[in-house]
Amino acid sequence: MSSDASQQPFLVFGAPRIEEDEIAEVEACLRSGWLGTGPRVAQFERDFAAWRGVRSSQVAAVNSCTAALHVSMVAAGLEPGSEVITTPLTFCATVNAILHAGLTPVLADVDPVTQNIDPDAIEAAITPRTRAILPVHFAGRPCDMDRIMAIADKHGLMVIEDCAHAIETEFHGRPAGTFGDFGCFSFYVTKNVVTGEGGMILGRDEEHVARARILALHGMSKDAWHRFGDKGYKHYQVVECGFKYNMMDLQAAIGIHQLARVEQNWQRRRELWQRYDHALEGLPIDLPAPPEAQTRHGYHLYTVMIDEARCGLSRDGFLDAMNAARIGAGVHYLSVPEHPYYQQRFGWRPEQWPQAMRLGRQTVSLPLSPAMSDGDAERVVQAVKVLLGR
Ligand SMILES: *Cc1c(COP(=O)(O)O)cnc(C)c1O
């Protein structure tokens, strides 16, 4: 690169694309005097349900995907200590939510190519105490839901899909999050649809969703809009010991317009993805596996594998050099058993899940945001090529 890297603006990893519509809606929300859970959350729920082809009574907005996972598992009514099989290649929130619900996480290794939980490993992990499977559609690539649902049916297990990366994902023509008992979505700042912090529960069973909605607001039978709204004050009853997980109208104000542009942003990330695929071909790094036929990839994370033996550079050295080139990169993820908490609590060692361990130690996520220009993508490509000596 001819220009001095330190002169370049920092390319923020996962920067959201915020436009005037979001800004105007947030302002209108502030001026309306109603910031909390109310009409904008209701509209966001209706829009989300319509877009995923489900009824409004099948969704409930919450303040994070972590909250969505937690209350889904509480609403599922699994007895304490039940085992939930999930992937070691995920964000800690997936496993923490299982623990907060009073359940026991069991890890099943991933497929080295798709990076998704391996159905054979799920079967091998089933015990008499297994009650649920929690697949993560990693990077936006759908898990093999035919096989996972067949395993669940055979053993009578619930399925909770972690769709934090998978808002647009489809498997054999059907949206991610609609296969299992619950699908849990994230609208965190780096995700494909953004509300700042935010999440959505999508449930097959309307009664489960209704219970999750109550659990997400202290266990109260009526939310504030239905107590203080224009229909006159209404008493509520506390019917469960719930949590404080409701989404605010201020957050939904952003989400309504983000969701309206979900396809446009997906197209842009696909363009960037294909640009990386072409430009990085032939380098001594593994690129993401091509999307599978009859599926729709969510294009959430573009991950490359930095194998020190092939690259002459460690993964962490690569990250440092990208940072020096003023490009934000990410790691998704160090495998769950690399972290001391789980090692101490469960005696887990990373070597027990060798595929997730290797991927977690080699993986780097390149920036893939719809806010990026072609020039930004070119900067990333050139930086990677220089680092790998091409
Ligand atoms: C981001 C993420 C979550 C948590 O989402 P929040 O909305 O931040 O709580 C859970 N699982 C995975 C796989 C994620 O990437």
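Predicted model: local features only at pLDDT ≥ 70, side-chain atom pairs only at ≥ 80, totals over all residues.
User: What are the distances from ligand oxygen atoms to Cys-65 and to Thr-66?
Analyst: Cys-65 takes part through a backbone N or O atom, which lies 2.8 Å from a ligand oxygen. Thr-66 uses an N or O atom of its side chain instead. For Thr-66 the distance to a ligand oxygen is 2.5 Å.

User: Which residues come nearest to the ligand, and how is the shell divided by class?
Analyst: There are 15 residues around the ligand, and the nearest are Thr-66, Asp-162, His-165, Ser-186 and Lys-191. By class, the shell comprises six nonpolar, seven polar and two charged residues.

User: At what angle do helices α3 and α4 pack, and what is the hand of their crossing?
Analyst: Two packed helices are described by the angle between their axes and the distance between the axes. For α3 (residues 65-75) and α4 (residues 92-100), the axes are 8 Å apart and the angle is about 35 degrees. The crossing is right-handed.

User: Which residues of α4 are met by α3, and how many charged residues does the contact have?
Analyst: From α3, the residues involved are Thr-66, Leu-69, His-70 and Met-73. They meet Ala-93, Thr-94, Ala-97, Ile-98 and His-100 of α4.

User: Where does Tyr-333 lie, and what kind of peptide bond joins His-332 to Tyr-333?
Analyst: Tyr-333 lies in the loop between α12 (315-324) and α13 (340-346). Omega for the bond between His-332 and Tyr-333 is about 0 degrees. The peptide bond is cis.

User: What is the phi of Ala-139?
Analyst: Ala-139 is found in the loop between β4 (130-134) and α6 (145-155). Although Ala-139 is not a glycine, its phi is positive, at about 65 degrees.

Key:
Residues numbered from 1 in each chain as written. Heavy atoms only, no water. Near = heavy atom within 4 Å. Polar contact = N/O pair within 3.5 Å; in protein donor to acceptor, adjacent residues only side chain to side chain. Nonpolar A, V, L, I, M, F, W, Y, C, P; charged D, E, K, R; others polar. Axes fitted to C-alpha atoms, helices over the stretch in contact; angles between N-to-C directions. Helix = DSSP H or I, 4+ residues; strand = E, 2+ residues; numbered from the N terminus. Left-handed = near helix turned anticlockwise from the far one by under 90°. Contact = heavy atoms within 4.5 Å.
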